[in-house]
Number of protein chains: 2
Amino acid sequence: MAIVLLMPPPAGITAKSWHLLAIFVGTIAGLIVQPLPGGAMVLLGVAALALTRVLTPQQALAGYGDPTVWLVLAAFFMSRGMLKTGLGRRIAFWFIRKLGHRSLGLGYSLAGTDLLLASFIPSNAARAGGIIFPIAKSLAEAYDSRPGESARRLGSFLMLFLYQTDVMACAMFITGQASNPLIARFAQAATGLEISYSRWLLGAIVPGLVAFAITPVLLYRLYPPEIRETPRAAEIAGEELGRMGPMTRGEKLMLATFALVASLWMTTALHGINYAVVALIGIAVLLLSGVLEWNDLTTERGAWDVFIWYGGLVRMAEALSETGITQRFAQSAGGITTGWPWWLALAVLLLVYFYAHYGFASITAHSTAMYTPFLLVILAAGAPAWLAVLILAYSSNLMAGVTHYGTTPGPIYFGAGYVPQTTWWRLGFIASTSNLVIWVTVGFIWWKVLGWW
Amino acid sequence: MAIVLLMPPPAGITAKSWHLLAIFVGTIAGLIVQPLPGGAMVLLGVAALALTRVLTPQQALAGYGDPTVWLVLAAFFMSRGMLKTGLGRRIAFWFIRKLGHRSLGLGYSLAGTDLLLASFIPSNAARAGGIIFPIAKSLAEAYDSRPGESARRLGSFLMLFLYQTDVMACAMFITGQASNPLIARFAQAATGLEISYSRWLLGAIVPGLVAFAITPVLLYRLYPPEIRETPRAAEIAGEELGRMGPMTRGEKLMLATFALVASLWMTTALHGINYAVVALIGIAVLLLSGVLEWNDLTTERGAWDVFIWYGGLVRMAEALSETGITQRFAQSAGGITTGWPWWLALAVLLLVYFYAHYGFASITAHSTAMYTPFLLVILAAGAPAWLAVLILAYSSNLMAGVTHYGTTPGPIYFGAGYVPQTTWWRLGFIASTSNLVIWVTVGFIWWKVLGWW
């Protein structure tokens, strides 16, 4: 931040815009180093913007009234309903009863639940951490697989498998994790291209499902559980479903809300109702029907945490895009790749972007810092815009698989203690690279078929 | 709401504006009847505004980026620091050690703490409920005064006394309770007059201190405790202070932040730093120094509750004032008081406004519903603008004394079980009326002295 402040602003950029950049850079540095939690760093950034009068208080705080931010907030509240009613658990047990007789099927049952919920719940902590993880852990324990000697019986496999499949689920939907709508905003600010809910999904569905079919099986081959047959898991699922009894009123209402919200999000082109408004309708249904109580919202601290960092970052990035600094950067960045064919520039920059995630503990920090500049350089080299926008967007999720701290559920699954770190990293590298290769190659073809480039 | 919708909009008012009014009226009705908690009702109102396209999603949500709303949110966070560090308790014990040798002095010690904190903490629940109440209760119990036979020894007096003095503390500062900045917004929207922090305080200081000197003594006379001498209370305070030891680093930082923020608020005219930005600076200091942790903010559910209803109401009221409906109402309302001198209109309407609080369980619901229309009618009768604006603003706090549910600490102090309801209401009526009379008469003179009318 100090470095930016000390450099003179380039010609055509006002001192105010330059200070804005300095505060933005300082905030991102804070997000990476985290002397305080991310939300606190962003709030300090917002305060600094207003105090230094780089923005008016109204401008600095405007992100907190932004519909994208409220979309995420409201969706976090809905995920509370999924947890509270137990519907998420029930869906997982349905899958397991059906497919969980073998350990690979068991893994896919839980991964499938995660994938289904990702269409709706942008909190991967709530999904993979809150719903899937406790089931996976208790099933591993049911097979007497615990950290230590018995880890490899079943638990090691499940933990590694489910973290990697969660990362894939994140990439499939714009609601896959909280940074995705933010990335869509960055893309729109830089190129004018709007990634809607349905476009994100349409672009992801073919490469995503191919990767979902290949990478997990690869993991199963490379790191198999000692127990291959898991009839007891399917039995347990049946018993749990028996114990849960028929669907409660709350679960039915939650399911109906889920269907309503997800279908409205997919059909925005038909009715034009803003995503955030759809999410608010979902909350209204849940509140009016008593599925969620008011306290559920005010005590949902994960939601408020995201709200604060999200609102601040959205606003800073938007303000920055209004300054002309990004355009300016794009012009000068063109020089870096002079003489390269665009595909080479895309390949090199994508690899750097992707594996730089070893240095980040959060998709948000990484994509906020690097998405826009990398996109601009790739575009300056002549790459087709949609191609560049989407590859970087999907990769921003897939890259989280490389480490055990790549995105929020990482510390949860790794922290269960079943998998040694070297194994986690080695297989994380293999799985992420497999995903990247599949998404890029299949994606290239699929988006060409769709006529997007 | 349905009634408003069925009535045709008056000439010159668009259908859209009329729908806005209908949703606003529906929201207020919801705040009064509370089929769901207030925050939920407001959130439903916001969703309805966006869904019916009366406002765009951006417009409907804009209140959540409003500096006034963030001022309140940030101040709620600061009050957490006051509780967490124990500074509030220490201040109370300082007062008690000094003044608490007699029961009246004891009451004033606690009331004085509340008054001091009101300069800074807009959550009367945190102040009177979180800091003062536990001390009052434990001191009553130290004198063996418990609900039932021994109630009148000390507890009954303290509970009644402290609730009434809290209501007075609320009226003294724009930060006295959360609705005050909202009322200032209503006043500005209706008249263009801006009630700053310092103007609110300057206008309140003389009538407020006179009332603070008279009404509590009146209560002491009418409802004396059996125990008049309370040397043990002063001793206990001394012991507690001994046990707390010297001020901790956290307390010192909290005190410094308190001094910094309150003095910046009072001197806005000199430096022009927005109130919300000052509050954010306070939060930044507390976060950076570790007095507050990030979790303290995200789990502060009272703050988030207020944030949601506040942001929604601020926006609705603002949007409504842009429609021309309020101006229209003011024109037609002029007819009601035709031929009355302005002081008669002011007196009659003020009395109706004030005692209508028997029907409300919240200052917010009451003032949101009635402040603007009553102000407009009074102004239409020719009353001086500042006079009308301030009397209604201060009264909006004082009126909360009439019942045991008038504002948030009511149920806490009444619910302690020391005072029967008939006594509470009888003395509540007397105290409120005493306050109203003092504020109006002394206020009239004081504001004339200040040249405000």
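**Close-ups of a two-chain model**

**View 1. Chain A by itself.** Chain A has 23 helices and zero strands (DSSP runs numbered from the N terminus: H or I of at least four residues for helices, E of at least two for strands). Its radius of gyration, taken over C-alpha atoms, is 22 Å, close to the 22 Å that the globule rule gives for 453 residues, so chain A is as compact as a globular protein of that length. That rule is 2.2 Å times the number of residues to the power 0.38. Along the principal axes, the C-alpha atoms of chain A fill a box of roughly 70 × 50 × 45 Å.

This is a predicted model, where local features need pLDDT of at least 70, side-chain atom pairs count only at pLDDT 80 or more, and totals for chains, interfaces and linings use all residues. Residues are numbered from 1 along each chain as written, chains are lettered from A, and side-chain values use heavy atoms, leaving out hydrogens and water.

**View 2. Where the chains meet.** Chain B and chain A put 40 residues each into the contact (heavy atoms within 4.5 Å). About 3600 Å² is buried between them, with 82% from carbon and sulfur atoms; this is accessible area (1.4 Å probe) lost on being put together, summed over both parts. On chain B, the helices that each supply at least two residues to the side touching chain A include α5 (67-85) and α17 (301-323).

**View 3. The axis between the copies.** Rotate chain B by 180 degrees, with 0.1 Å of shift along the axis, and it superposes on chain A with an RMSD of 0.1 Å (least squares on C-alpha atoms of residues with pLDDT of at least 70 in both). The two copies are thus related as by a two-fold rotation axis. Within chain B, the C-alpha of G65(B) comes closest to that axis, at 2.4 Å.

Note on methods:
Buried area is the accessible area (1.4 Å probe) that two parts lose on being put together, summed over both.
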